[in-house]
Amino acid sequence: MAYCKNCGKEIDDKAVICVHCGVPQSSVHPAQSNNPDAERKATGAEIAASILIPIVGVIMGIVYLAQGKKKAGTTALIAGIIAWLVYYVLILGG
Ligand SMILES: [Zn+2]
């Protein structure tokens with residue numbers, strides 16, 4: 001006997017849709033489908049943020065450096081570079 005991954009009620013092993021709540025069931029190893037990180041996809045907001053944050057960080061860094069604020073500029077540039085790495089992990093790695 002399998003259990004619905006949405007409502008948790010008992011459903012037939014071969015059921016493709018839960019008869020209780022109507023949520024489609026994946027047929028592969030129900031016990032392993034509880035890992036939210038396994039098939040995580042980047043959302044639109046995450047994609048937008050991961051594109052905008054590095055650009056803003058680099059621009060802020062350049063502005064700060066141009067104003068002679070070396071520490072703030074360096075921090076902003078590093079933050080922008082880290083955000084780029086996050087972008088590559090989220091978008092290209094996912
Ligand atoms: Zn259900």
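Analyst: A residue is called buried if 20 or more other C-beta atoms lie within 10 Å of its own, exposed if 12 or fewer do, and partly exposed in between, with the C-beta atoms placed from the backbone. The model is a predicted one, in which local features need pLDDT of at least 70 and side-chain atom pairs count only at pLDDT 80 or more, while totals for chains, interfaces and linings use all residues. Residues are numbered from 1 along each chain as its sequence is written.

The secondary structure of the protein chain amounts to 2 helices and 2 strands, where helices (H or I, at least four residues) and strands (E, at least two) are DSSP runs numbered from the N terminus. Along the sequence these elements follow the pattern β-β-α-α. Of the 94 residues in the protein chain, 9% count as buried.

Helix α1 covers residues 44-66 and helix α2 covers residues 70-92. After α1 comes G68, whose phi is positive, near 85°.

Two packed helices are described by the angle between their axes and the distance between the axes. Here the axes of α1 and α2 come within 7 Å and cross at roughly 160°; such axes are lines fitted to C-alpha atoms, for helices over the stretch in contact, and the angles run from 0 to 180 degrees between N-to-C directions. The two helices are therefore roughly antiparallel to each other, given that angles under 35 degrees count as roughly parallel, over 145 as roughly antiparallel, 65 to 115 as roughly perpendicular and the rest as oblique. The crossing of α1 and α2 is left-handed, a word used if the near helix is turned anticlockwise from the far one by less than a right angle, with right-handed used if it is clockwise.

By class, the contact of α1 with α2 has 18 nonpolar, 5 polar and 2 charged residues. Ala, Val, Leu, Ile, Met, Phe, Trp, Tyr, Cys and Pro count as nonpolar, Asp, Glu, Lys and Arg as charged, and the others, Gly among them, as polar.

On the α1 side, P54, G57 and G61 are buried, and the buried residues of α1 pack against α2; two residues are in contact if their C-beta atoms, placed from the backbone, lie within 7 Å. M60, which also lies in α1, counts as partly exposed because it has 18 C-beta neighbours inside 10 Å. The C-alpha atoms of M60 and A76 are separated by 6.2 Å, although the two residues are 16 apart along the chain.

On the α2 side, V86 is found in the helix and counts as partly exposed, because it has 16 C-beta neighbours inside 10 Å. V86 and P54 are 32 residues apart along the chain, and their C-alpha atoms are separated by 9.4 Å. V89 also has its place in α2, but V89 is exposed, because it has 12 other C-beta atoms within 10 Å. V89 and A42 are 47 residues apart in sequence and 9.8 Å apart in space, C-alpha to C-alpha.
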